[in-house]
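User: I've just opened this one and could use a guided tour. Can we take it piece by piece?
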Amino acid sequence: MSQYFQEYITVGAFAAVGVLLVLAILGVASVIRPSNPTPAKKLTYECGVDPVGSGWSQTYVRYYIFGLLFVIFDVEAVFIFPWAIHAEALGIGGVIAIVLFMLTLVEGLVYAIKKGVLAWE
Amino acid sequence: MTFAQVLTPPSVGWIAIAPEIVLGVGAALILLFDVQYKPKRTHLGLATAAIVATAFAFAIVQYDRVQTLSQATADQAADFVATAFPFDAMIVLDANAVFGRFAMLLVTGLGLAAGWRLFERLGARAAEGLALMLLSATGFMFMASSTHLMMVFLGLEVGSIALYVLAGITRERTESDEAAIKYFLLGSVASAVFIYGVALTYAGSGSMNLLEIQGVLARNIFTRPAVLLIGIALMVVGMGFKVSAAPFHSWAPDVYQGAPGGIVGYMAAAAKIGGFAALIRILFTAFPDFISTWGPLVAGIAALSMLLGSTVALVQDDIRRMLGYSGVAHAGFILTGVVAGGAGTGEVWFYLGVYTVQLVGAFGVVAAVTGAATSGAGIDAFRGLSKRAPFLAATFTVLLLGMAGLPLTSGFVAKFGVFTEAWQAGYEWLVIVAVLASVIAFFFYLRVIVAMYMEEPVDEAVAPPGISVRASLALASLITIVIGIVPGPLLSLAGEASPL
Amino acid sequence: MTDFVWLVIAFPLAGAVLLHFLGRRLGEPLAGIIGTLAAAAAFVVAFVAALPFIVEEGNHGETVMLWEWMPAIGANLEITWDPLAAVMALIVTGVGSLIHLFSVGYMHGDERFARFFTYLNLFLASMLTLVLGGNFAMVFLGWELVGLCSYLLISFWYTKPSAAAAGKKAFVVNRIGDFGFMVGLMLVFTNFGTLAFDGIFERVPEILDGSTATAIGLLFLVGAAGKSAQIPLYVWLPDAMEGPTPVSALIHAATMVTAGVYLVARSATIFAAGDAGIVVAVVGALTALWAASIAIAQSDIKRVLAYSTVSQLGYMFIAVGLGGYIAGIFHLMTHAFFKALLFLGSGSVIHGMHEEQDMNKMGGLLEKMPVTGVTMGIATLAIAGIPPLAGFWSKDEILGVAFEYGGVGIVLWVIGLVTALITAFYMTRQWFMVFTGEPRWEEGVDPHESPRSMTVPLIVLAVLSVGAGFLNTPFRLTLEHFLEPSFELVKVAHPPEGLGMFALLAAISVGAGIAGAAMAGFVYSRPREIWERFQGGFGGLWEAWQAAYRVDDLYGATIVTPGRKLSERMAFDFDAGGIDGFVNGVGRAVRSAGARTRVLQTGLVRNYGVGFVAGLLAVVIWLVIAGGGV
């Protein structure tokens, strides 16, 4: 048994203790707490709008496209912010790179618009 | 830093990724042109062909550059590094990368021509199909030309995701959707496995640059071998999936059967080239000193692939599934060359080159016989083909015999090469398994040939294939025969293709 | 000097190409005549090219390079034109031409007449590639191609299910042999670094140690046993008789099946360096006796000849195994003549009897078919080893080699003698059953002599069956001197010296032959009841022979069925059930999309563990353990 694996024994022990602790607390709680369920209590959310139907219901497919586009531009932002912070240090090369990156996304957007994806009709 | 300095763009070895740029920009332009001007599909096809040809021209320029580089003297060392390892050594310009591009572009061109009827059927979505094809080629070419595991992974994803979509591009048909979903689900897990392997490798060596990894491992007695070994194993498994090696092959027959006929050949061939290019690069560049560890592992996968692929192919009644399982066996044959380590690079590339051409050609015939936008290809459709479509029957025969490895076809030279390398590397048992598998494999190829020539034709008439299909099939058969008779030039070209 | 020798291969190849494209337009009989001319032209070229060996004693011949294919591994398109290649080429093209000629008559009226000659010409070209190739790559190429042609020709009448099955069987069994041959080649290449004969045979003593040489020899034996139908791979040859009779004569008697003998003779130096030779001889002897005993009880005219061929090939294996290469090649040649004659004769009989092959339904044909009857009679005497016919000289030389070898050789000699007796018996039995006695024809059958194009080859072959033996008698060793340059590197085994010894051994073997022939003649020249009483005297043994010892059933139960099961299990249980099952689940889920999407999710998680991750874990665990990482 190498040093390397001995280190993991510690991890394993911690994990085991963690699991046991949770089980113990929940177990004890389920034994000693009073149980008085009502339909309202068993709802997923106890306040706000009542959930209706199954969670596996279908969504209108056009929302999906908007969702997708949103994610794309979200990710774009994730890339642009770190670049902006270091823009000066990265110099013109960085500008070129980020412009190329944005152009790629713009191309996708143009294509989507031209294809009529964004028209709700 | 002065303003002028800021404005001076860094000198970048653009030539090292010129073919990829051409393909990527070409794909974007095709999409934009399509939505703006609604060109004829034939024009789109010609434009795509022109893009592939331009990329090929750049690859030839690169080949020339690599030739010059190989003669670099010591005082040109700085120049050498700048040209050979541009982009902070994320990319490498070496014979291995260039040969990968040659193979990839050849397969793309052939696949485009052989599957042209599919793009015609796609109607308004033809441009999307073409762009996806170019993009996947871009991705897989990056796999061959990167020395950085992150780049390899990016290439893998670009290439694979494009292929997932291509598999489902005839989305009106449930079989096509089914193939795409299967391919996507299984493929993403394989990608995850691969990236986990990359992470563990990084943990074990402190770098993701293959050359640095090799350097680190050569200097140090590494401290955490298990992490590194698991990392290697996971990367091998991930690539094993891409090249459909057993036991990670289960997607291949189903996807080959379900995906639209016109694109299957390209899909199968491109994934094989990309996967093996990366596998060669990773194992030979980063872990040459670990060959005693991964060698037997790869050998085991190879043996299982060959035996499983060739026995299961025997009982398939669908030609596409049969070719799928034969692809599993061929992955095993190629891995037989990989176990030899760096010495086998040339043979592996040679095998890859000739096999993928045969594969694209064979699926091209299948598409011409059973339809470019359909799924499945029962053997019944091939009975008596020699009477109904002699050209297709003849080219299919040549390609199948090439896959079977009959002497005087390129397949024989390829098999002989990898077997020899494995034997000289001390894997006699693997060669015996390989010979056994190729003996078994002969049957199912022959079965198709017999069905075409010696059985009564079914009544279905085969629509005469178009000019591009004819040209590509003729070219693929011609390559199979010519390389079989004059293998010298390609052997020496592939022989140079070892990674830096 | 003999640069033009490539024409020997080129003529039949060109014939095949021409007939493939123009065959149907040329029609009958022009296609057949062109095919025959191509074969004859090859014979003429081979003969002219062989003249230097006759004129000049000790001429080694030369290697003619045609095209550099893969020079790095010594695999080029090159021809080794030496006496051994010349003898083989002359036999193949000579007998081949006659059989082509015969086929013009025999295949008359077949709707695929031209296609038949395409295949025959292609076969000739392949066989010549095999025997003329100057390196193992070309031999292997020919080896594969003759197998392919044999397959095409056996199942030529593919609408007959039995023919298609026989073709498949031949192919499968041959592939088993090819496996051995391929591994053997791999071993040769890794030891010598080349496949070229020039770089191999001369360097055998310096490179190969005894055990490697033995290993290569045994692997070659596996290949040779497949091609030349030796135990345990002989089972395909009797079934191959489903093909047209000229095919049986050409491929399954005279030429292709002798490829194994040729291979051993060609690799003589390798066999001489190890101990594989004696194994070859023992396999040959066992096959000779085994097949001969089966031939006794067959009633199909072609099956008798098929088992007889297997048995005679066994003789050749005895010879080459013990180092009597020249004796082996000599018997190969005489056998090619008389066995081709027997097959063509049987073809003539079958033709005249309206496709009847059962000897029980023949009889009394001598009057109706005099040429066929007499020529077949000559061949029967030749194979029975009656002097001075060809078979006597060659068979006796082999027996002499075995006797001189001593030790195990004596045992082989005894087996050979017993086989000689049995051979004489069943061949004589066949002749009497077919040509004498009361006619037992089916109604409506009207036997007639075959046309001239069929009888001329019979007569030529009959002359050769009588005369060819004089090429190599103890009094005049013409063939021996001719072939000697090809076997300079090894010690060739010979029969005992001296005419007295020769006379003694000859007397014994001729005695055995005459005894067998006389017994058969005595029984089968008389009415049928006598035969049946005679056959009944053997009891169950006769039935075992009739059923060929049920070897086919044995293979079916032990190898074929389990093999198919394994393949199916791999495909349908292992691959389809395990991993595909999940994948199909996904497919079903997609089809009934929407509400049942849940199935897709759970299906994924559960079944993923089965396939991919199982393999993954196996790989990781194995690598970590084997890599010593822990």
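User: Let's start with strand E2 of chain C: how many of its residues are buried?
Analyst: Keep in mind that this is a predicted model. Strand E2 covers residues 75-81 of chain C and is mostly covered. C:Ala75, C:Leu77, C:Ile79 and C:Trp81 point one way, while C:Asn76, C:Glu78 and C:Thr80 point the other way, and all are buried. So, with 20 or more other C-beta atoms within 10 Å as the cut-off for buried, the count for E2(C) is seven of seven.

User: Which residue stands opposite C:Trp81 of E2(C)?
Analyst: Look at strand E1, residues 62-70 of chain C, which pairs with E2(C) in the antiparallel sense over six bridges. The hairpin of these strands has four residues between them, and C:Gly74 there takes a positive phi near 70 degrees. Opposite C:Trp81 you'll find C:Glu62.

User: Moving to chain A, how many helices does it have?
Analyst: Reading from the N terminus on, its elements run α-α-α. There are zero strands, and the helices number three.

User: And how far apart are the centres of domain 1 and domain 2 of chain A?
Analyst: The domain assignment puts domain 1 at 1-37 and domain 2 at 59-121. Buried residues make up 0% of the 121 residues in this chain. Taken over C-alpha atoms, the two centres are separated by 44 Å.

User: What radius of gyration does chain B have?
Analyst: Chain B has 23 helices and zero strands, and its C-alpha atoms fill a box of roughly 75 × 60 × 40 Å along the principal axes. Of its 500 residues, 65% count as buried. A compact globule with 500 residues would come out near 23 Å, which agrees with the value for chain B, 22 Å.

User: Which helix of chain A do the buried residues of H2(B) pack against?
Analyst: H2(B) spans residues 18-37 and reaches 27 Å from first C-alpha to last, close to the 28 Å expected at 1.5 Å a residue. Its buried residues include B:Val22, B:Leu23, B:Ile30 and B:Leu31. Within chain B, the buried residues of H2(B) pack against H3 (41-70), H6 (95-114) and H8 (126-145), and the partner from chain A is helix H3 (87-114).

User: Is B:Ala437 buried or exposed?
Analyst: B:Ala437 lies in helix H21 (residues 428-454) of chain B. Leaving out residues up to four places away in sequence, B:Ala437 touches B:Met306, B:Leu307, B:Ser310, B:Ala329 and B:Gly332. Since B:Ala437 has 25 C-beta neighbours inside 10 Å, it counts as buried.

User: What share of the residues of chain C count as buried?
Analyst: Chain C comes to 26 helices and four strands. With 630 residues, a compact globule would have a radius of gyration near 25 Å, and the 27 Å of chain C agrees. Of those 630 residues, the buried share is 58%.

User: What is omega for the peptide bond from C:Pro387 to C:Pro388?
Analyst: Most peptide bonds are trans. C:Pro388 sits in the loop between helix H17 (370-384) and helix H18 (390-405) of chain C. Another cis bond joins C:Ile231 and C:Pro232, with omega about 5 degrees. The bond from C:Pro387 to C:Pro388 is cis, with omega near 0 degrees.

User: B:Ser244 and C:Glu355 both have a positive phi, so is C:Glu355 buried or exposed?
Analyst: Start with B:Ser244, in the loop between helix H12 (225-242) and helix H13 (251-258) of chain B: phi is near 55 degrees, and B:Ser244 counts as buried because it has 28 C-beta neighbours inside 10 Å. C:Glu355 has phi of about 65 degrees and is found in the loop between H16 (325-352) and H17 of chain C. With 8 other C-beta atoms within 10 Å, C:Glu355 is exposed.

Definitions and conventions: Residues are numbered from 1 along each chain as its sequence is written. Chains are lettered from A and ligands numbered from 1 in the order in which they are written. This is a predicted model: local features need pLDDT of at least 70, side-chain atom pairs count only at pLDDT 80 or more; totals for chains, interfaces and linings use all residues. A residue is buried if 20 or more other C-beta atoms lie within 10 Å of its own, exposed if 12 or fewer, and partly exposed in between; C-beta atoms are placed from the backbone. Helices (H or I, at least four residues) and strands (E, at least two) are DSSP runs, numbered from the N terminus. Two strands pair if DSSP finds at least two bridges between them. The radius of gyration is taken over C-alpha atoms; the globule rule is 2.2 Å times the number of residues to the power 0.38. The expected span of a helix is 1.5 Å times one less than its number of residues. Two residues are in contact if their C-beta atoms, placed from the backbone, lie within 7 Å. Domain bounds come from an automatic or database domain assignment.
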